[in-house]
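The sequence and the coordinates come first, and the description follows.

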Amino acid sequence: MIKRITSLAQACSWLAVLATLGMVLLFLGFLGVRGFDTLNLSLFFGNTPPWEAITGRLPVWHGIWPACVGTVALVLLSSLLAIPLGLASGIYLAHYATGFWKKWFCLAVELLAGIPSIVMGLFGFALILFIKKTVAPQANTGLLLSAGCLALLVLPYVILMTQTALEALPDELRLAGLSLGLTPWQNIVHVMLPAAGRGILSGVILAVGRAAEDTAVILLTGVVANSGLPSGILGKYEALPFHIFFLAAEARSDAELAQGFGAALILLMLTAALFLGAYYLKSTFTKTWDPKNLSI
Amino acid sequence: MGPQKPINLKPTVMVESLHVGFAGREVLHNLSAEFHRGQLAVILGRSGSGKTTFLRAFNRLNECFPRSETRGSLRLKLQGEWRNIYRDAVPLTELRRRVGMVFQTPHLLPVSIADNLALPVKLVLELSRRDIASRVEWALKEAHLWEEVKDRLDSPAHTLSGGQQQRLCLARLLALEPEILLLDEPTASLDFRASLKVEELLLSLKERYTVIAVSHSLSQARRLADEALIFRDGSVVQRLSREDLQAPDTLQALLEEIF
């Protein structure tokens, strides 16, 4: 009887793995079939000569180049805001916070993690209206506001993963460093963080992926269809997920719809590239942060 | 029955009315003791009798645990000067470098063999690269480990055997030029042969340091100790000299006391 249950459970788990794999392949295949034909230079640059488009001398119509640049800029800017802040908060929660403050701070982070992205978008929108009415009448929605709101959206991933990774380390590792006369800060930077590097990185990857795909936040905080390359960190911009959303809702021809699939494929590749970048960062991170670098 | 001190021994550690507690519960009560350079003192007692807490009072490691509280006086002679570590402002980094500790299980850093020594040397002593290398080699030789690891200094430290790991931990301390060595059951996780090797090392080191070791083994105490302190419920109930430890009738009494 027990044998039969075990083999049934085994079969089920195999089936689950196969189903997951199958769905991912189906999804990629569908995107590939629908979007592959559109993958060429004109998908990116429309009728504009590529070099002129890349250098920004001529505007791009009917191409996704500005959206690619917008998304990359958005992800980089929001990572720049969220990762240092998230790391620092995670370290604080794991090593410094105690009792009352830890409880409330953790609650706040969990609340933040539960906020839907459209609400975060509304918050950004309300914030810029408030700023407009009070201190800076010329303030408007744009790249920085979107990046700020996105950073707030992905911050909990970084905080929670940093905290969890640090707290999962054995206590003896902490004592080893401290008993050797390392200051608590040296101990965190040179011993604990490198040891927790893998866990922290998965938080960063989650955050980057989330920032790249989110549409609701940017919808209300500065993305504009056909606005071209971002003019600066305060300027309007285009972004891939919004472009896809826009095409899906308002495509006027089959060619435009096909471009939507192409854009989705590019977004997928871009996210994959960002993940690879994060892995690369991790290896340099371990090179600089890992004590191996002191090698003799 | 007090320890019979040779006359030329001068104390390097003086503990007077030491109380240590955690979260309001006192673990060590009104403890007094003294230890000498060149001698190996062994602390014996049942588990839970406060041996480890006592050891951790010397490098203020108890403070790394929540709500610890220490009262009393603990004076150490460091660099020829008496310092009351709970009253004078002794920098923690300086104190913990001079008062090295080995734990029950080897507490390795997750890096290579050489870097286990190089990292603390670099961070705590701020030596140059070349000095770090020679310091690492010197310390590994001191810990009788150099011959075994010199060809694989860059391998991860956890690839060493248990006994080697524990000697690596000792080497790591020695590299920081300590004056007092605290050993918390250093052979608890080792087999007999590896234990003997560590014991041999300790005997060769004790001439130049003040060594305070917690042990779980009476026979080990008899092999190593110049004096022994018997702990019960956070107090010293008995002090034994080397001669006392060897005497068969004390042995019987001790067996009943401890086990």
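## The nonpolar core

In this predicted model, the largest nonpolar core holds 148 residues. The members that touch the most other members are Val154(A), Val158(A), Val42(B), Ile43(B) and Ala171(B). Helix α7 of chain A, residues 143–167, gives the most to this core, with 16 residues. In soluble globular proteins, nonpolar side chains tend to be buried together.

Leaving aside residues up to four places away in sequence, Val154(A) is in contact with Ser78(A), Ala82(A), Ala207(A), Arg210(A) and Ala211(A).

## An open sheet in chain B

Chain B contains an open sheet of four strands, arranged in the order β2-β1-β4-β5 with antiparallel pairing. Strands β2 (25–36) and β5 (81–84) of chain B stand at the edges; each has a single partner strand, so one side of each has no neighbour in the sheet. From one strand to the next, the twist averages 5 degrees.

Strands of a sheet pair through backbone hydrogen bonds, either parallel or antiparallel.

## The helix on the sheet

Helix α1 of chain B, residues 51–58, packs on the sheet. This helix touches β1 (11–22), β2 and β4 of chain B, and its direction makes about 60 degrees with that of β2(B).

Thr52(B) is one of the residues in helix α1 of chain B. Is Thr52(B) buried or exposed? Thr52(B) counts as buried because it has 20 C-beta neighbours inside 10 Å, and 20 is the number at which a residue is called buried. Among residues beyond four places away in sequence, Thr52(B) touches Asp184(B) and Val214(B). Ala253(B) lies 201 residues from Thr52(B) along the chain, and the C-alpha atoms of Thr52(B) and Ala253(B) are separated by 23 Å.

## Confidence of the prediction

For chain B the mean pLDDT is 88, and 96% of the residues of chain B reach 70 or more. Within chain B, confidence is highest in strand β8 (residues 210–214), at 94. Confidence in chain B is lowest in helix α10 (residues 248–258), where the mean is 74.

For the complex, the predictor gives an ipTM of 0.85 and a pTM of 0.78.

Conventions:
Residues are numbered from 1 along each chain as its sequence is written. Chains are lettered from A and ligands numbered from 1 in the order in which they are written. This is a predicted model: local features need pLDDT of at least 70, side-chain atom pairs count only at pLDDT 80 or more; totals for chains, interfaces and linings use all residues. Two strands pair if DSSP finds at least two bridges between them. Helices (H or I, at least four residues) and strands (E, at least two) are DSSP runs, numbered from the N terminus. Axes are lines fitted to C-alpha atoms, for helices over the stretch in contact, and angles run from 0 to 180 degrees between N-to-C directions. Two residues are in contact if their C-beta atoms, placed from the backbone, lie within 7 Å. A residue is buried if 20 or more other C-beta atoms lie within 10 Å of its own, exposed if 12 or fewer, and partly exposed in between; C-beta atoms are placed from the backbone. pLDDT is the predictor's confidence in each residue, from 0 to 100. A nonpolar core is a set of buried Ala, Val, Leu, Ile, Met, Phe, Trp, Tyr and Cys residues joined through C-beta atoms within 7 Å.
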